[in-house]
Protein chains: 2
Amino acid sequence: MVYAHCNFLINRYDVDMFIVIGPGHGAPAALANLYFEGSLQKYYPSYQSNLEGITKLIHNFSWPEGFPSHVNSQFPGSIHEGGELGYALAVSFGAVMDHPDLIVTCIVGHGEAETGPTATAWHSAKFIDPNESGAVLPILHLNGYKISSKTIYGSMSDQELFDLFTGYGYQVRFIENMDDIDSDMAVSMDWAYQQIRTIQKAARTGKPIFQPRWPLLIMKTPKGFSGIKTLNGQQIEGTWRAHQIPVQDPIHNESEFSAVKQWLESYKIHELIDPKTGVIHADLLKTVPHDRRRMGDNPKSMPEFVPLELPPITDYACARACFDKGGVAESITQTLGKYLSGVIKRNPHRFRIFSPDELTSNKIDAVLKVTNRNFQWDKETANKGGQVLEMLSEHTCEGWMQGYCLTGRFAMFPSYETFLGIVTTMMIQYSKFIKLASETKWRSDTPSINYIETSTLWRQEHNGYSHQDPMFINNLINMKSKLIHIYLPPDVNSSLCAVEACLNRKRGVNLIISTKKEMPLWFNMEHTRKHFAAGASVWKQYSTFDGLNPDVVIVGCGNETHVEAVAAVGLLKRDVPNLRVRFINVVDLMVLDIEAESGLTDDTFENLFTSDKPVIFNFHGYPSAVRSLLFGRNHIKRFKVLGYIEEGTTTTPFKMLTANKVSRFHVAIEALREGAKSNPQVALDAHLAIAQYEGHLKEHDRYIVEYGKDPEYLADIFPKSA
Amino acid sequence: MVYAHCNFLINRYDVDMFIVIGPGHGAPAALANLYFEGSLQKYYPSYQSNLEGITKLIHNFSWPEGFPSHVNSQFPGSIHEGGELGYALAVSFGAVMDHPDLIVTCIVGHGEAETGPTATAWHSAKFIDPNESGAVLPILHLNGYKISSKTIYGSMSDQELFDLFTGYGYQVRFIENMDDIDSDMAVSMDWAYQQIRTIQKAARTGKPIFQPRWPLLIMKTPKGFSGIKTLNGQQIEGTWRAHQIPVQDPIHNESEFSAVKQWLESYKIHELIDPKTGVIHADLLKTVPHDRRRMGDNPKSMPEFVPLELPPITDYACARACFDKGGVAESITQTLGKYLSGVIKRNPHRFRIFSPDELTSNKIDAVLKVTNRNFQWDKETANKGGQVLEMLSEHTCEGWMQGYCLTGRFAMFPSYETFLGIVTTMMIQYSKFIKLASETKWRSDTPSINYIETSTLWRQEHNGYSHQDPMFINNLINMKSKLIHIYLPPDVNSSLCAVEACLNRKRGVNLIISTKKEMPLWFNMEHTRKHFAAGASVWKQYSTFDGLNPDVVIVGCGNETHVEAVAAVGLLKRDVPNLRVRFINVVDLMVLDIEAESGLTDDTFENLFTSDKPVIFNFHGYPSAVRSLLFGRNHIKRFKVLGYIEEGTTTTPFKMLTANKVSRFHVAIEALREGAKSNPQVALDAHLAIAQYEGHLKEHDRYIVEYGKDPEYLADIFPKSA
């Protein structure tokens with residue numbers, strides 16, 4: 001019914017519109033309409049508009065290899081995975097941003113409305129600038145019941161519903177006249193459309209309304225509307241009994257069969273199609289919008305891939321000197337902020353930043369020099385447009401990004417590392433959507449979604465244990481490996497490489513783990529590019545004996561953990577000069593996984609990590625991530641993976657490293673214990689050095705409570721003048 | 001200020017109350033009050049009420065090894081990890097359930113209010129039966145700004161706020177008279193208290209109010225209230241500049257120093273304590289509630305552990321016969337439902353079930369025979385009490401469970417497997433809370449929180465790919481291993497063992513992966529108990545040659561994957577009779593992890609899995625989970641881990657298994673490929689069998705589209721009469 005009324009509106013006003021269907025198991029309605037309007041046939045020619053086609057359509061629904069009962073990327077015109085509830089609304093808002101002519105109709109079920117992500121996504125309207133963006137027309141569908149009891153929204157009075165959504169900032173209108181629901185709906189949809197155009201016209205003629213109140217429709221129909229009314233003396237329509245399977249055994253029970261028959265016949269299918277040929281009557285098809293105005297064929301929901309125009313990263317690269325300039329170091333994210341400013345300038349209305357934190361907090365606020373925060377409820381920022389959206393809801397930001405990117409535009413999601421985990425299942429649902437999209441040949445590529453973790457677990461000296469959680473990595477690596485990329489660039493130049501790679505990549509889920517803190521620079525851009533392209537390489541300058549014929553391999557992966565690994569080599573060079581140490585940095589984590597797009601072959605892997613020497617792998621996140629990626633490589637017991645082991649509190653950066661056993665001393669001790677085995681020459685030196693480092697660690701435990709005496713975190717990095 | 005007003009209320013009416021502090025970095029206010037009232041000193045004697053103590057208190061705040069800036073389990077009286085925002089409200093509601101006299105004051109910051117979990121947790125009041133439970137007094141604190149811009153709630157008008165929360169079902173009152181904020185607050189708190197008691201009295205005298213409107217306070221104060229007013233001609237108080245560090249360099253800048261001095265002196269500390277001794281003036285202490293009425297020492301927030309009285313699981317155990325009774329098999333969760341009914345009956349008001357799904361959907365609705373759904377907005381269920389809470393918000397259910405369990409009661413959280421992932425970060429924050437609690441010696445044990453995944457990824461033939469996600473396992477295994485337990489019981493008897501173990505365990509995070517589908521029974525309860533206690537054992541009856549001197553080890557772990565592993569042995573016994581196969585079931589996943597509480601020693605591990613034979617591990621979830629747990633064991637390259645590899649769609653259960661390569665044929669082929677290496681006798685048979693199984697798999701691909709022809713999923717399990 002909603003679909004048909006959208007068509008009516010599209011035809012009447014030539015509206016650029018498509019639909020996002022929130023309710024679970026909502027696919028039958030979508031399929032029927034896609035078939036009716038012919039867009040299903042366009043992409044799936046076997047579902048022809050004849051008896052064979054319609055039979056196949058009915059037979060294959062929720063059938064092995066057929067269409068599922070939830071809308072997904074196999075449905076023409078869909079930009080939303082209809083499985084996990086809660087995200088339809090935020091995704092819809094993301095889709096209309098920077099699409100000034102687009103209206104997305106979003107149906108929110110009252111089950112979905114109970115979820116937290118939906119409950120806060122209603123605020124999204126406050127982030128829509130009516131001049132630069134289109135509009136969402138939300139339709140909250142209430143039918144009272146779930147499987148066996150009332151829903152929350154189904155039990156609220158009209159007054160409560162009206163108050164709630166008025167409070168959210170909407171103009172509310174009910175569709176509830178069951179005597180003539182079609183007229184009620186038509187009038188309401190028209191009203192909503194006019195309200196949208198009024199708000200937009202005001203903004204686009206230089207007389208913007210402050211805090212515009214967008215329309216919202218609440219559709220109240222009985223559960224199982226138009227289905228079986230009563231059965232065996234029990235009411236079905238309008239009760240929870242209408243859920244899923246209202247009739248248990250129509251095959252064997254005659255009265256049940258007759259109820260089903262009567263129900264299905266009530267749709268008068270013989271008046272809609274020719275019963276002999278199955279062809280839809282031509283006059284009915286006049287109600288279908290023309291060609292690409294059909295909601296199953298709207299180009300914005302299935303866009304061609306148009307790349308971003310990226311500024312050269314070399315313009316933003318740092319030389320060694322820039323870290324010493326007047327003693328003011330620059331944080332990695334500060335430089336990224338400048339680069340992203342360049343991206344925004346070159347690609348007006350095609351790139352947005354969605355963040356649950358404030359960009360100021362992530363030190364990428366340089367972008368605010370070239371664009372604005374887009375928050376319409378604040379006089380300071382209203383009606384100015386802008387590519388930066390900040391809302392303290394990871395869920396909403398993620399939904400916005402998904403909607404924005406699936407409609408052909410690009411985005412970046414900066415977040416505290418720990419709180420990115422909040423959207424894990426949304427990322428997974430999205431990965432499922434694009435995995436199937438990539439197997440669906442009529443779907444074009446879409447831009448990747450890109451996360452950047454800025455405030456990482458190792459530097460939470462004021463936030464403590466609750467802000468330490470690298471779990472997002474672990475969840476990403478379970479997705480299809482060709483879709484995902486995880487970069488841990490150790491400095492600003494490699495971070496620039498990573499951002500460039502992510503913004504260029506099609507249809508991916510990319511994660512960059514960086515830091516807003518000041519970090520040393522390791523190489524110039526020319527060398528960095530080579531290293532980044534390889535994903536992992538031997539750093540001769542930071543090895544001993546140029547890394548040849550090593551006794552032990554030390555790997556740095558991350559920011560702080562990389563620095564510690566380098567520093568460990570420095571200690572070893574000084575204290576055990578005959579130990580042969582190869583140093584490797586892993587910047588692209590998936591090189592470890594033999595099955596990944598960037599996965600190293602076993603030969604390359606063993607050229608790099610050797611085939612039999614001990615490897616001390618100092619990792620940014622949970623060791624389990626690296627462990628599972630290494631599984632299947634040869635002789636992996638020689639790998640000692642150090643990483644975050646859930647030890648943390650409010651403490652100094654260095655104590656965080658020692659508590660989790662990833663400090664330079666821990667790395668050096670492990671390297672000596674393992675490396676000395678194959679090089680008896682170093683046994684004596686190793687013994688002394690281990691004693692020395694263990695002493696340092698104990699000493700730390702004593703004086704760590706005083707900040708000032710803590711060894712300067714970045715000091716003594718070896719070699720000083722690489 | 002809120003704390004002091006709570007104390008006023010507590011004293012006036014002898015209220016049983018404690019506080020949950022939502023705003024991030026809210027710890028200073030808590031610390032100051034805990035110190036003032038003396039409960040800090042009770043648990044941390046070194047923070048004495050003298051000059052030394054107060055100096056230490058100030059010095060150690062947000063200092064290495066000192067108290068963090070967020071409230072956590074180190075704070076007396078706290079039941080909430082104050083890191084990740086969004087959960088304070090739901091946790092508060094969980095705490096008051098079945099505590100009829102308790103009032104929890106919950107401060108929600110306007111940052112937290114932007115999160116989805118908070119946005120839907122406001123509905124929690126609809127699930128509080130005023131007869132059987134206490135009340136939450138929510139105080140929404142608005143001060144307008146975040147780090148550098150307005151918040152959503154800070155930009156809403158009073159009318160919008162009033163409408164919104166009226167819509168949520170509350171009576172709203174503003175606290176905003178800045179001319180006399182204390183009086184305004186006192187009167188408002190008193191009003192709220194009277195409203196609560198009125199609602200409760202009505203319900204407790206047999207005249208319950210339908211849809212009672214609980215009070216909610218909105219406190220509007222300027223950001224940085226009572227701090228620096230202006231500095232260098234710029235307004236600080238009441239603007240975003242008051243965030244975090246309002247003054248940049250008071251050490252070197254004289255006017256900044258003087259502003260800080262003036263600010264701190266305005267609190268007139270010398271009137272509160274004796275400047276010489278640091279002792280708090282006695283007359284001030286008269287405002288402190290007595291003894292355990294102090295909010296930092298409320299026994300309900302730090303309860304003694306009182307175990308549940310559990311019915312004997314043998315009363316619910318199945319004998320083989322029960323699966324054939326009249327041809328009606330019983331699903332595992334149906335039996336668990338009966339057992340949980342027994343738990344509820346024996347432990348009135350001490351055990352609740354929180355679920356985002358309806359129990360009917362999870363087939364544990366037997367409990368509804370002994371208790372009720374507790375949803376006050378529905379006439380059918382209002383004012384009846386009840387231990388079952390169903391709300392389609394995983395976040396809210398999780399928050400309720402945490403609050404309920406941390407205040408000494410027990411709970412179970414049944415969920416679809418896939419959607420449990422939604423609360424991953426909440427589980428992690430909770431794990432962090434109890435990890436620190438276990439290191440805090442004055443904290444007693446609390447009951448575990450318990451999840452049961454009922455509708456698992458392998459049986460989503462009608463829901464499809466979006467409903468397949470076992471990621472919760474992967475995230476659990478990164479938590480401190482002594483806290484967590486993951487059970488994959490393959491039948492009803494072992495599921496009963498698992499539930500019993502979870503309900504008995506203190507201070508843990510437990511996950512049971514079961515199924516609502518009918519499954520075969522493997523052993524009687526006596527044998528099952530032994531197997532469960534071991535965590536993993538050789539199943540001689542399902543091995544060949546009694547599992548002695550095996551050529552290959554096959555491991556089943558899960559439900560469907562276990563059945564397929566058993567069936568694979570059956571195939572091998574029939575087709576390659578000379579192959580020696582040992583069959584193992586792993587019911588406690590953590591036995592694999594040498595560091596876990598239930599982790600096997602290397603000796604036991606190798607006794608079980610052999611030290612060098614190939615092992616085919618057929619796992620329920622992502623292979624990465626098992627891979628990372630096995631890492632560090634000897635010769636792990638011989639382990640072939642099969643599991644869910646993100647291949648799925650709407651299809652038959654068996655096709656799901658073949659698509660992910662965990663079917664009986666895949667297991668058998670892998671076993672033959674690896675096992676035949678060490679037993680050349682079987683080479684010829686193995687060759688033929690592999691060809692046969694590969695043929696079956698191809699055949700499946702052909703005829704799988706017709707349900708009826710799919711091989712009966714549970715058929716041909718070997719041996720038939722174990």
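**Reading an interface and a helix pair**

Tutor: Let's start with one pair: A:Glu647 and B:Lys435 form a salt bridge, with their closest N and O atoms 3.1 Å apart. This is a predicted model, in which local features need pLDDT of at least 70, side-chain atom pairs count only at pLDDT 80 or more, and totals for chains, interfaces and linings use all residues. Side-chain values use heavy atoms, without hydrogens and water.

Student: How many salt bridges does the rule find across the interface of chain A and chain B?

Tutor: A salt bridge is a side-chain nitrogen of Lys or Arg within 4 Å of a carboxyl oxygen of Asp or Glu. Across this interface the rule finds 8.

Student: What area do chain A and chain B bury between them?

Tutor: The size of an interface is often given as the accessible area lost when the parts come together. Buried area is summed over both parts, using a 1.4 Å probe. Here the two chains bury about 8,800 Å², with 56% of it on carbon and sulfur atoms. On the chain A side, A:Leu392, A:Lys432 and A:Phe631 lose the most area to chain B, together 8% of what that side buries. Counting contact as heavy atoms within 4.5 Å, chain A gives 105 residues and chain B gives 105 residues.

Student: At what angle do helices H5 and H14 of chain B pack?

Tutor: Helices are DSSP runs (H or I, at least four residues), and axes are lines fitted to C-alpha atoms over the stretch in contact, with angles from 0 to 180 degrees between N-to-C directions. H5 (residues 88-96) and H14 (residues 394-406) of chain B pack at about 50°, their axes 6 Å apart.

How values were computed
Residues are numbered from 1 along each chain as its sequence is written. Chains are lettered from A and ligands numbered from 1 in the order in which they are written. Helices (H or I, at least four residues) and strands (E, at least two) are DSSP runs, numbered from the N terminus.
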